[in-house]
Amino acid sequence: MSETVETECRRLPEGNCPLSTLGVGCCGKVVSVDGDLELRRRLLEMGLCGGVTIECVRRAPLGDPIEFRVRGYLLSLRGEHARQVTVNPAV
Amino acid sequence: MSKTSSYQFPVSGQPTSAGPRLRRIALAGNPNSGKTTLFNALTGLRQKVANYPGVTVDKKTGRCKLPGVSPTGGIGGSGGGQAEWVEIIDLPGTYSLVSRSPDETVACEVLRGLREDTPPPDVVVVVVDASNLSRNLYLVSQVMELGLPMVVALTMTDVAERRGLRVMGEKLEARLGVPVVGLVGHKGTGIDRLKFRLTEARVAPLPELPLPGVFRDEIHLLGGVLTAVLGHGPGGSPDRHLATAERLLIGDSSSDLRPLHARPEILQNLADAKTRLATAGIEPVQADVEAHYRWIDAVSSEVTAAKIVPVDVTVSAGPTRRPAAAKTFTDKLDRILIDKVWGLVIFAAVMGLLFVSIFSLATPLMDATEGAVGWVGGLVAGLLPEGPVRDLWQDGIAAGVGAVLVFVPQIAILFGFLAILEDSGYLARAAFLMDRLLAKLGLSGKSFIPLLSSFACAIPGIMAARTIESPRQRFATIFVAPFMSCSARLPVYTLLIGTFFAAWGSFVQAGVMLCLYVLGIVAAAATAWVMKWWGGKDISGGFVLELPTYKLPQISQVARQMWSNTTQFITKAGTVIVCLSIVLWALMYYPRLPDDRAESVSLNAKITRIHSTGVTVTPEKLPTFLESDAGRTLRTAVDSAGRQAIAGEQLRHSLAGRFGHLIEPAIRPLGYDWKMGVGLVGAFAAREIFVSTLGIVYSVGNADDDTTPLRDAMLADRSADGSHVWTIPVAASLLVFFVIAMQCISTLAIVRRETGTWRWPIVMLLYMNGLAYLAALITYQILSKVMS
């Protein structure tokens with residue numbers, strides 16, 4: 001599964017975009033978490049909820065996974081899972 | 001069977017009479033929160049590791065002496081209270097009591113008293129990482145909802161302070177309604193205070209979560225239904241029913257809720273409630289978690305003071321607009337360690353160091369162990385009378401024990417290294433770097449080190465797979481680890497490559513060796529990929545990994561982990577290995593060669609040996625010849641030839657030998673004869689035995705030290721029709737077989753231990769050996785056609 005490294009946020013309706021497209025160094029507010037129940041619950045419980053600010057810190061040298069900073073700690077997520085999180089990028 | 005009757009439900013906020021009844025304390029907390037450090041500080045050396053029956057999760061318990069409590073409630077030994085021992089159980093690190101990894105399930109079940117093997121604790125100590133307050137408070141809020149007496153242990157306050165945040169313990173205590181004790185882990189400060197305050201553990205008031213009104217209404221509605229259906233029995237206060245109703249609505253699948261799902265009235269009302277919520281646009285899980293975090297944010301902002309407010313500090317309370325990235329030590333180190341270029345370079349260096357130390361550091365220790373075992377074995381053998389008992393001891397028991405102990409240096413070093421990597425925080429970074437490669441095969445970034453270690457020995461590699469949270473990824477890692485060509489295969493590779501590829505020079509030989517390693521990796525990758533494809537979508541929550549703050553590993557903690565893992569290996573795998581070594585010994589030892597046969601074989605060998613020097617001796621003249629000057633110089637060689645001949649004949653005569661003959665038709669298509677068959681029987685216990693077994697079969701004595709006589713014998717061996725027994729296609733086929741086949745009882749024993757059942761080792765055995773058979777078959781058939 002090849003992934004192009006996206007540096008531009010692809011805009012969804014209402015100006016939101018998937019977390020996986022958040023550029024390195026950019027931040028956004030978490031809008032929603034979709035996808036299957038187990039992963040959803042895990043991500044929500046790790047703090048990705050309620051409009052919290054999440055920052056994309058870096059991508060791994062091989063492109064995946066992606067490191068985020070949220071609620072003061074560092075979280076690593078695979079791109080396919082980050083895609084399930086919708087964020088509103090900070091201008 | 002619900003065990004809620006084991007709870008008491010005093011009016012919340014009141015201290016329980018937990019003093020004299022304090023017997024069991026549970027430690028809960030996020031991973032990397034300093035929980036294990038606390039556990040070690042409380043229990044010292046009085047720890048033991050067991051297993052929760054039914055799951056492969058370690059159960060860590062220990063004992064601790066608490067100071068006495070005087071009748072008046074004062075603290076201290078002089079008050080007249082008795083200091084007493086309590087049992088402390090270190091629950092697996094969890095982020096939540098609801099999400100379903102095996103670790104979290106166990107922690108949840110223990111706290112709810114649902115495990116028959118573990119009674120519920122009297123007090124829960126929740127370890128909270130002050131530098132990570134929000135996420136840690138999530139678990140705290142869930143424990144508060146359990147209604148158990150609790151104490152909060154606040155750790156890593158120094159890390160938080162370095163980031164410019166001060167968490168005020170007293171305010172947290174006032175806000176939560178339970179004792180809060182500050183600890184600084186590596187200094188041990190606060191431990192005594194914690195021990196005192198355990199007696200003040202309180203059931204916390206239920207956190208007032210700002211749930212959406214509609215959701216709250218549904219909870220009350222369902223709570224009412226539960227009260228009506230279940231009544232007010234033990235554990236049946238309205239409060240508890242509300243909590244239960246909420247759990248039902250968010251889809252908590254704990255075993256204690258199952259009886260409720262069986263009641264149709266409850267089920268119906270639950271379904272209706274969910275429908276109504278859906279119509280109102282409320283998703284229960286999201287609403288529930290968000291309400292928790294709103295509460296957490298409020299608490300957090302009350303109890304945290306930013307010491308200074310530099311521009312580059314991250315304030316974790318509330319979803320405010322963030323300032324620039326924090327320049328903590330961890331961030332600075334990460335800039336190098338997971339940098340695009342330097343990250344990989346350093347990673348390769350660290351892995352190289354790991355690999356090298358397992359091989360070269362371990363080798364002198366392994367030799368020393370082998371020597372020591374041999375020495376002790378010989379010592380005891382000297383005390384035993386000649387005969388089966390002595391042979392059983394020497395070649396069965398001592399050899400088996402030796403086979404186990406010889407692994408210990410490698411395993412200990414590997415676990416020491418792993419403990420350092422994990423405690424320092426680098427392990428998560430290594431997984432981060434490697435995940436992309438391994439994810440495609442259905443493995444995890446954390447699979448890298450187990451697989452790398454398996455190049456030395458699969459056993460510590462498989463044990464190291466415990467760090468992988470996802471059960472599927474962990475299982476796949478365990479299943480493919482033995483394909484990595486381990487060091488036990490090296491003697492076989494060296495013998496065969498050296499014998500048959502010598503003509504092409506050392507460069508080609510190295511190339512062939514490399515091909516064998518690559519073949520193993522390819523087989524592993526293909527197997528993992530097939531497992532991924534077969535298993536369908538992995539819904540276990542994927543690869544969600546926290547990258548913890550870097551910290552200096554504590555020597556005592558590292559040593560403790562090394563000790564624990566190594567002793568586990570020795571006891572669990574060791575017993576299996578020794579038993580099977582004895583069985584194998586018996587297969588090669590019985591039935592015994594009749595004495596007259598032994599005599600004649602020995603005689604022939606001796607005469608042949610003498611004949612090789614140019615002297616011809618008849619059997620009758622042999623004793624006199626050996627007395628002569630010429631004979632005396634040859635005596636050791638002659639005796640040795642005789643003994644080796646007997647050993648070889650004994651082996652051929654034994655069950656193992658007969659088995660080799662028996663399977664010969666089956667292994668003919670691979671190019672093997674019965675002698676190789678016998679070798680393979682021996683190799684089933686441990687691969688390196690192949691060489692020494694072949695040595696015995698060919699009657700060339702101890703082939704481990706010097707393989708030249710064996711090589712010569714192999715090359716000279718001809719079958720009945722005069723053709724060579726050993727040819728290049730045969731050698732190639734045998735090499736391919738050894739790359740792929742599962743030939744290690746020790747590995748099977750460990751897989752049994754790590755997966756909890758004999759099913760998977762058996763599947764592994766059949767699959768790998770079946771695949772090996774096919775691959776060797778194809779290799780031989782193609783090569784022999786091509787090269788003839």
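B:Leu27 stands opposite B:Asp90 in S4(B). The model is predicted: local features need pLDDT of at least 70, side-chain atom pairs count only at pLDDT 80 or more, and totals for chains, interfaces and linings use all residues. Residues are numbered from 1 along each chain as its sequence is written, and chains are lettered from A and ligands numbered from 1 in the order in which they are written.

Strand S1 (residues 24-29) of chain B runs parallel to strand S4 (residues 84-90) of chain B, joined by 4 bridges. Strands are DSSP runs of E with at least two residues, helices are runs of H or I with at least four, and both are numbered from the N terminus. Two strands pair if DSSP finds at least two bridges between them. S1(B) is also parallel to strand S5 (residues 123-129) of chain B, through 5 bridges. Here B:Ala28 faces B:Val126. Of the 6 residues of S1(B), 5 are buried, so the strand is largely enclosed by the rest of the structure. A buried residue has 20 or more other C-beta atoms within 10 Å of its own, an exposed one 12 or fewer, and a partly exposed one a number in between, with C-beta atoms placed from the backbone.

Between the chains, 38 residues of chain B are in contact with 36 residues of chain A. Contact requires C-beta atoms, placed from the backbone, within 7 Å. On the chain B side, H3 (133-146), H11 (284-303), H13 (342-383), H16 (426-439) and strand S11 (544-547) each supply at least two residues.

One open sheet spans both chains. Its 7 strands follow the order S1(A)-S6(A)-S2(A)-S3(A)-S4(A)-S5(A)-S11(B), with antiparallel pairing. S1(A) (17-18) and S11(B) stand at the edges with a single partner strand each, so one side of each lacks a neighbour in the sheet. S1(A) pairs with S6(A) (residues 85-89) over 2 bridges. A:Pro18 lies opposite A:Thr86 there. Strand S5(A) (residues 73-77) pairs with S11(B) over 4 bridges. In that pair, A:Leu77 is opposite B:Val544.

In chain B, the axes of H30 (residues 728-740) and H32 (residues 759-787) come within 8 Å and cross at roughly 160°. Axes are lines fitted to C-alpha atoms, for helices over the stretch in contact, and angles run from 0 to 180 degrees between N-to-C directions. The two helices are therefore roughly antiparallel. Angles under 35 degrees count as roughly parallel, over 145 as roughly antiparallel, 65 to 115 as roughly perpendicular and the rest as oblique.

How values were computed: Two residues are in contact if their C-beta atoms, placed from the backbone, lie within 7 Å.
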